[in-house]
Amino acid sequence: MAYSCQLMQESPLLGFPRLRFHHLCVLLLVGLFQISTGIVGQVSKSVREKALLSCDYKLCSEEQSIHRLYWQKHDRMVLSVISGVPEVWPEYKNRTVYDIANNYSFSLLGLILSDRGTYTCVVQRYEGGSYVVKHLTTVELSVRADFPTPNITESGNPSADIKRITCFASGGFPKPRLSWLENGRELNGINTTISQDPESELYTISSQLDFNTTYDHFIDCFIEYGDAHVSQNFTWEKPPEDPPDEKQTIPFAWAGSDAVKAIIIFFIAITVIAVIAAIAIIIFCITVKFRRCFRRRNEASRETNKNLYIGPVEAAAEQTV
């Protein structure tokens, strides 16, 4: 299928001070071509890097005078080469390097997010009084902003033996996805949020994870964006058990839970009460026995006194004289 445009006077059109008729004609033809052919090549780069977009077309220098070449992004011109003279549109000035020897490619320097999109190279040749499209190449440029290494911080303890951590990263593009991983197994995060700055188009992402502190953990915060990713590791070692207190009794030294402690306290209380009761009974028995012995002794003493006879006082006195 051949496309052609008649050569006309190169005067600016109203409303397009820098866009000549043949430029508009190329835009129209490229639009029809993209509908029927789709994307040919793909280039993926990061912000501030250089992207090389190749037209994939070889042309002898002697033929440049009868050829036109255009690079455009969607419906906007990037650069043109007519009769061997390149012209770069203002948006791309001072950041575009054109290379005829390298398949009519051009390099876009200092990439920004707005550079992403579909670029088309159109080559026309002058034949029979008009320019005919001889070559079309479409390249999809993907631009990403790399996320920094995520930051993981501890965010308190929601309950006993449970700790919460937060993973955070900002300043990346395209839209990220965050996963919590442990030994290759994905964990269920909570409070995951993704936001995008309307001006810079950069994303911020954060997520939280709760885990049991009674076990060792080796957790990864894994962030994917486009064909790139970043990650950060978090290591948790369960704290050592506290040594038993010297004043603590043996049962309390190995008591591992509140239920065990309660049972031990109950049996100790029962034992103490039994010992106190036994001591009280012994003391009571000894007291009763002592009282009985004392009473029998008093009774025997009174019986002995009753059996003794002492004569008149006078008789006793005479014997003494």
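**Briefing: a pocket, a sheet and aromatic pairs**

The second largest pocket is lined by Asp 161, Thr 213, Thr 214, Lys 238, Pro 239, Pro 240, Glu 241 and Asp 242. The model is predicted, so local features need pLDDT of at least 70 and side-chain atom pairs pLDDT 80 or more, while totals for chains, interfaces and linings use all residues. Residues are numbered from 1 along each chain as its sequence is written, and side-chain values use heavy atoms, without hydrogens and water.

**Pocket**
- A pocket is an open set of points on a 1 Å grid over the protein atoms alone, where a 1.4 Å probe fits, with protein on both sides within 12 Å along at least five of seven lines; lining residues have an atom within 4 Å of a point.
- The second largest pocket holds about 210 Å³ of space.
- Its lining comprises two nonpolar, two polar and four charged residues.

**Sheet**
- Four strands (DSSP runs of at least two residues; a pair needs at least two bridges) form an open antiparallel sheet in the order E14-E13-E17-E18.
- Strands E14 (185-187) and E18 (228-236) are the edge strands, each pairing on one side only.
- Three bridges join strand E13 (residues 177-182) to E14, and Leu 181 has Glu 186 in E14 as its bridge partner.

**Aromatic pairs**
- The whole structure contains 10 aromatic pairs (ring centres within 6.5 Å; planes under 30 degrees apart are stacked, over 60 edge-to-face, the rest tilted).
- Phe 106 and Tyr 119 form a tilted pair, 6.3 Å centre to centre with 55° between the planes.
- Phe 106 is buried (under 20% relative accessible area) at 0%, and Tyr 119 is likewise buried at 0%.

Terms used:
Points joined across faces, edges and corners; volume = space filled by probe spheres on them. Nonpolar A, V, L, I, M, F, W, Y, C, P; charged D, E, K, R; others polar. Phe/Tyr/Trp six-rings, centres within 6.5 Å; stacked < 30°, edge-to-face > 60°. Buried < 20%, exposed > 50% of the residue type's maximum accessible area, 1.4 Å probe, protein only.
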